[in-house]
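Open the model in a viewer and keep the selection tool at hand. The stops below go from pockets to ligands and then to a cavity.

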Amino acid sequence: MDRERPGAQEWVPGDGGVARLREAVQGCRGCELWRDATQAVFGDGPADVRLMLVGEQPGDREDLAGEPFVGPAGGILDRALEAAGIDRDQVYLTNAVKHFRFEERGKRRIHRKPDVPHIEACHPWLDAELERIDPAVVVCLGATAARAVLGRAVKIGEERGAPLGLGDRVAVVTVHPSSILRLRDRAGRDAALDGLVDDLRVAAAAARAGAR
Ligand code: URA
Ligand code: SF4
């Protein structure tokens, strides 16, 4: 790791629960993304759940609110969770990268995808969440989450919707809700949302079945 990106490891507390991690992440300097962001956005949800959902990184609204999935992508995710019969309050929601990466264009902050080194620098936080929450099933929302969780490049179209082995857990890869927002026509959006719902159902069934 270069000096710009030493990685988050030295900021991650070795003990304590998620609340302790959430506090500590505000001091993280594991990569340069903390500089321009308002705050780190850590995961949210009960600590005793079997299902964890991982997104990419906080967006503009999440960066301001300090909570994951409260903006437009969160709206789509809420609809999909409800359709899949999953209570949002009964999952742990987090992101592969904890600080918002963006470009300023006039007054707007335009989302920029994190690069692989950002995903790697931030990985110790995700690892710590996995260890503390210990979910049976991890849903990867999009390619960034899949790369972070599975540690390799993943083609969503090829691997989505089927339980994948992840040590003693199961991972289910699906699309990112933002990809649905970007679709132009209504029929395409509806079909993409149905696809996300189907994949979430697979994850919920695996969690119920006691994937381990
Ligand atoms: N997109 C994400 O991946 N995560 C969020 O928290 C919000 C939007
Ligand atoms: Fe640390 Fe992750 Fe924020 Fe980088 S993005 S400063 S590694 S919390």
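Which residues lie nearest the centre of the largest pocket? Select Ala73, His111, His176, Ser178 and Arg182, which are nearest the centre among the 30 residues of the lining. The model is predicted: local features need pLDDT of at least 70 and side-chain atom pairs count only at pLDDT 80 or more, while totals for chains, interfaces and linings use all residues. Residues are numbered from 1 along each chain as its sequence is written, chains are lettered from A and ligands numbered from 1 in the order in which they are written, and side-chain values use heavy atoms, with hydrogens and water left out.

**The largest pocket**

On a 1 Å grid over the protein atoms alone, a pocket is an open set of points with protein on both sides within 12 Å along at least five of seven lines, a cavity is a set where a 1.4 Å probe fits but cannot get out, and lining residues have an atom within 4 Å of a point. The largest pocket holds about 780 Å³ of space, a volume being the space filled by probe spheres set on the points, which are joined across faces, edges and corners.

Next, colour the elements that each supply at least two lining residues: helix H2 (60–65), helix H3 (72–83), strand S4 (108–111), helix H5 (143–150) and helix H7 (177–181). Helices (H or I, at least four residues) and strands (E, at least two) are DSSP runs numbered from the N terminus. S4 gives the most to this lining, with four residues. By class, the lining has eleven nonpolar, ten polar and nine charged residues; Ala, Val, Leu, Ile, Met, Phe, Trp, Tyr, Cys and Pro count as nonpolar, Asp, Glu, Lys and Arg as charged, and the others, Gly among them, as polar.

Stay on S4 and pick Arg109, which lies in this strand. Its side chain makes polar contacts (pairs of N or O atoms within 3.5 Å; within protein, one able to donate a hydrogen and the other to accept it, and sequence neighbours counting only if both atoms are side-chain atoms). One, of 2.8 Å, goes to the side chain of Asp60, and another, of 2.9 Å, to that of Asp63.

**Ligand 1**

Ligand 1 sits in the largest pocket, in the sense that more than half of its atoms lie within 2 Å of the grid points. Show the residues around ligand 1, among them Gly55, Pro58, Phe69, Ala73 and His176; to be near, a residue needs a heavy atom within 4 Å. This shell has four nonpolar, five polar and two charged residues.

- Glu56: a backbone N or O atom is 2.7 Å from an oxygen atom of ligand 1.
- Gln57: a polar backbone atom is 3.0 Å from a nitrogen atom of ligand 1.
- Asn95: a side-chain N or O atom is 2.7 Å from a nitrogen atom of ligand 1.

Taken alone, ligand 1 exposes 240 Å², and the protein buries 94% of that (Shrake-Rupley areas, 1.4 Å probe; for residues, only the protein chains shown count as cover).

**The second largest pocket**

Select Leu51, Ile86, Gln90, Val91 and Ala207, which lie nearest the centre of a pocket lined by 13 residues. Its volume is about 190 Å³. Helix H8 (residues 186–208) gives the most to the lining, with three residues.

**Ligand 2 and the cavity**

What takes the space of the largest cavity? Ligand 2 does. The volume of this cavity is about 90 Å³. Its lining includes Arg29, Leu33 and Trp34. Finally, show the residues around ligand 2, including Val25, Cys28, Cys31, Lys98 and Trp125; this shell has nine nonpolar, two polar and one charged residues.
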